[in-house]
Amino acid sequence: MQICRLNSEHLREALELVWEVFEEFEAPDYEEMGVQTFRHFIEYHSMRDRMESGEMKFWGCYQNSYLVGVIAIRPVQHISLLFVRKQFHHLGIARMLVRKVVADVRASGPEIPAVTVNSSPYAVGFYRAVGFEPLGPEESRDGIRFTSMKRSLEGNL
């Protein structure tokens, strides 16, 4: 497995993976409004503009040349997307992707105390397992259900 920073050349493939995994694991927990909100959020042209402006950074995990997982952060410490193909779940790929983001955030500046995420209901258990703590109860906004979580940058993942 190899993790590398993605550029706009790989973005369409990354977003297709995100949508595929979202439809299978996340969409069943959302109302139609939430599904549409998410679909709009990952729209290619909008996401490409965010990537090119530096508003979003993407990494991909490849097995040979096959993209198996994607993570994205927005400045500078908020995980915005984390998706791994079904057949690659429980192999440590999501953990490796989070570890890569944590390293990037640490390198951004020692003054950054934590990484944050708005976790889907499906992923709360995973985020707890890698050291994130809920900041409050589950919320819903524009049909998207999430739990705000935070992980201190102290200690190892």
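Reply: His90 is exposed, at 82% relative accessibility. Exposed means over 50% relative accessible area, buried means under 20%, and partly exposed is in between (1.4 Å probe, protein chains only). The model is predicted, so local features need pLDDT of at least 70, side-chain atom pairs count only at pLDDT 80 or more, and totals for chains, interfaces and linings use all residues. Residues are numbered from 1 along each chain as its sequence is written, and side-chain values use heavy atoms, with hydrogens and water left out.

His90 sits in the loop between E4 and helix H4 (93–108). Its phi is positive, about 65 degrees, although His90 is not a glycine. Helices (H or I, at least four residues) and strands (E, at least two) are DSSP runs, numbered from the N terminus.

Asn64 is another loop residue, placed between E2 and E3. Asn64 also has a positive phi, near 60 degrees, and is not a glycine either. At 74% relative accessibility, Asn64 counts as exposed.

Glu43 lies between helix H2 (32–41) and helix H3 (44–53). Glu43 is partly exposed, with a relative accessible area of 31%. A polar atom of the Glu43 side chain lies 2.8 Å from the backbone nitrogen of Ser46. That is a polar contact: a pair of N or O atoms within 3.5 Å, where, within protein, one must be able to donate a hydrogen and the other to accept it, and residues adjacent in sequence count only if both atoms are side-chain atoms. Lys100 is 57 residues from Glu43 along the chain, and their C-alpha atoms are 24 Å apart.

From here, turn to H2. Its buried residues are Gly34, Val35 and Phe38. They cover an arc of only 100 degrees around the axis, so they lie on the same side of H2. The arc is that of the directions from the helix axis to the C-beta atoms. An α-helix has 3.6 residues a turn, so residues three or four places apart point the same way. The face turned away from the buried side of H2 carries exposed residues, Glu32 and His40. The cover over the buried residues of H2 includes H1, E4 and E8.

Val35 gives a detailed view of helix H2. Val35 is buried, at 12% relative accessible area. Leaving out residues up to four places away in sequence, Val35 touches Trp19, Phe22, Ala27 and Tyr30. Contact here means heavy atoms within 4.5 Å. Gly143 is 108 residues from Val35 in sequence, but 7.4 Å away in space, C-alpha to C-alpha.

Next, H1. Its buried residues are Leu11, Ala14, Leu15, Leu17, Val18, Trp19, Val21, Phe22, Phe25 and Glu26. They pack against H2, H3, E2, E3 and E4.

Now the core itself. The largest nonpolar core has 28 residues, and Phe22, Phe38, Ile42, Met47, Phe58, Leu81 and Phe83 touch the most other members. Helix H1 (11–26), H2, H3, strand E2 (57–63), strand E3 (66–74), strand E4 (78–84) and strand E8 (144–152) each give at least two residues to this core. H1 supplies the largest share, nine residues. Apart from this core lies another, of 26 residues, including Ile79, Ala94, Val105 and Val115. A nonpolar core is a set of buried Ala, Val, Leu, Ile, Met, Phe, Trp, Tyr and Cys residues joined through side-chain atoms within 4.5 Å. In soluble globular proteins, nonpolar side chains tend to be buried together.

What does Met47 touch? Not counting residues up to four places away in sequence, Met47 contacts Leu11, Leu15, Phe41, Ile42, Met56, Phe58 and Leu81.

Last, the whole chain. The protein has five helices and eight strands. Along the sequence the pattern is β-α-α-α-β-β-β-α-β-α-β-β-β. Of the 157 residues, 46% count as buried. Among contacts between residues at least 6 apart in sequence, 61% join residues at least 24 apart. The C-alpha atoms fill a box of roughly 40 × 40 × 30 Å, taken along the principal axes. The accessible surface is about 8300 Å², and 48% of it belongs to carbon and sulfur atoms. These areas come from the Shrake-Rupley method with a 1.4 Å probe; for residues, only the protein chains shown count as cover.
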